[in-house]
Amino acid sequence: MAFADNGDVRIYYETFGRSGDRPLLLVNGLGSQCINYRAEWCERFVSAGHFVIRYDNRDVGLSTKFDQVAPDIPGLLRALGEGRAADVPYLLSDMAADGWAVLDDLGIERAHVFGSSMGGMIVQSMAIGNPGRLLSLTSMMSTTGDPDVGQPTREAQKRIMAAPANDRDGYIAGQLAGLRIWGSPACFDEERLVANASEAFDRCFEPRGTARQMMAIIASGSRSEALRRVEVRALVLHGDADGLVDPSGGRRTAEVIAGARFVLIEGMGHDYPPQYWDQIVDLVTAHTSQVVI
């Protein structure tokens with residue numbers, strides 16, 4: 001088991017492939033553990049010439065939890081609406097620093113970074129805070145934090161704000177309910193999804209950590225103006241069937257990062273089932289292979 005330290009925060013990580021190949025850091029979305037980037041998918045990136053690193057964001061999986069802080073999303077929204085400062089345990093910029101800590105622990109100065117959903121927000125924050133360390137950026141099914149783009153459908157909003165489950169069966173049922181709303185419509189495989197949800201629950205169940213991550217997203221605000229000043233080779237991917245983060249969020253991301261390429265993936269929702277692995281790996285590999293160190 002490998003851990004990187006960012007101050008008092010310990011970040012669990014795993015690697016795949018040879019350290020001399022192109023380093024590719026995978027950053028997870030809201031409440032998602034590193035195992036959500038399936039090992040078989042990571043190995044496809046390895047076969048395409050990458051040294052793959054996946055890790056647990058703070059507050060999920062085997063990384064440090066902020067259990068001393070009770071999440072209060074309604075209170076945060078009230079404070080921001082009244083013009084008061086956000087009182088949150090961390091921001092997306094702090095989560096970006098966790099990614100740097102993982103790379104530092106591996107002795108990697110510069111890397112390609114790939115983030116999905118909240119992970120896309122984190123890698124955007126990495127590009128804003130330390131663009132010189134990025135060889136390239138890929139932001140998938142994500143958004144810039146602007147309130148006029150990337151919003152969920154009403155059904156998806158209701159589902160994601162529902163009270164969290166408190167047991168294994170409830171957690172699995174909740175995962176299935178969400179993916180029926182925003183997952184890739186032609187790829188709903190209940191057996192696969194139940195197996196994945198069961199593995200995630202058994203590895204770590206911390207719904208309050210997910211809520212604290214949501215608070216970080218809300219409190220971090222818009223990144224658009226800062227992204228306009230970023231000079232990093234960027235690829236933006238989004239599924240046209242995404243009901244959780246509307247594709248307008250991906251389009252805005254590509255608009256504000258100079259020279260970014262936007263690819264709309266037909267039929268893909270707010271997930272990345274095996275049916276799309278080859279397409280995503282090919283797109284990312286073509287993107288990373290253009291960078292000459």
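Analyst: The chain's secondary structure amounts to eleven helices and eight strands, where helices (H or I, at least four residues) and strands (E, at least two) are DSSP runs numbered from the N terminus. This is a predicted model, in which local features need pLDDT of at least 70, side-chain atom pairs count only at pLDDT 80 or more, and totals for chains, interfaces and linings use all residues. Residues are numbered from 1 along each chain as its sequence is written, and side-chain values use heavy atoms, with hydrogens and water left out.

User: What does the radius of gyration say about the chain?
Analyst: The radius is taken over C-alpha atoms, and the globule rule is 2.2 Å times the number of residues to the power 0.38. For 293 residues, a compact globule would be near 19 Å, and the chain agrees with 18 Å. Its C-alpha atoms fill a box of roughly 45 × 45 × 40 Å along the principal axes.

User: How should I describe two packed helices?
Analyst: Two packed helices are described by the angle and the distance between their axes. Here the axes of α3 (residues 92-105) and α4 (residues 118-129) come within 8 Å and cross at roughly 80°; axes are lines fitted to C-alpha atoms, for helices over the stretch in contact, with angles from 0 to 180 degrees between N-to-C directions. α3 and α4 are therefore roughly perpendicular, the class for 65 to 115 degrees.

User: Which residues make that contact?
Analyst: With contact meaning heavy atoms within 4.5 Å, α3 contributes Leu92, Ser93, Met95, Ala96, Gly99 and Trp100, while α4 contributes Met118, Met121, Ile122, Ser125 and Met126. By type, the contact residues are eight nonpolar, three polar and no charged; Ala, Val, Leu, Ile, Met, Phe, Trp, Tyr, Cys and Pro count as nonpolar, Asp, Glu, Lys and Arg as charged, and the others, Gly among them, as polar.

User: Is Asn57 buried or exposed?
Analyst: Buried means under 20% relative accessible area, exposed over 50%, and partly exposed in between (1.4 Å probe, protein chains only). Asn57 is buried, at 0%, and lies in the loop between β4 (50-55) and α2 (73-81). Leaving out residues up to four places away in sequence, the residues that Asn57 touches include Met95, Met118 and Ile122.

User: And where does Leu134 lie?
Analyst: Leu134 lies in strand β6 (residues 134-140) and is buried, with a relative accessible area of 3%. Among the residues that Leu134 touches, not counting those up to four places away in sequence, are Trp100 and Met126.

Notes. Parallel < 35°, antiparallel > 145°, perpendicular 65-115°, else oblique.
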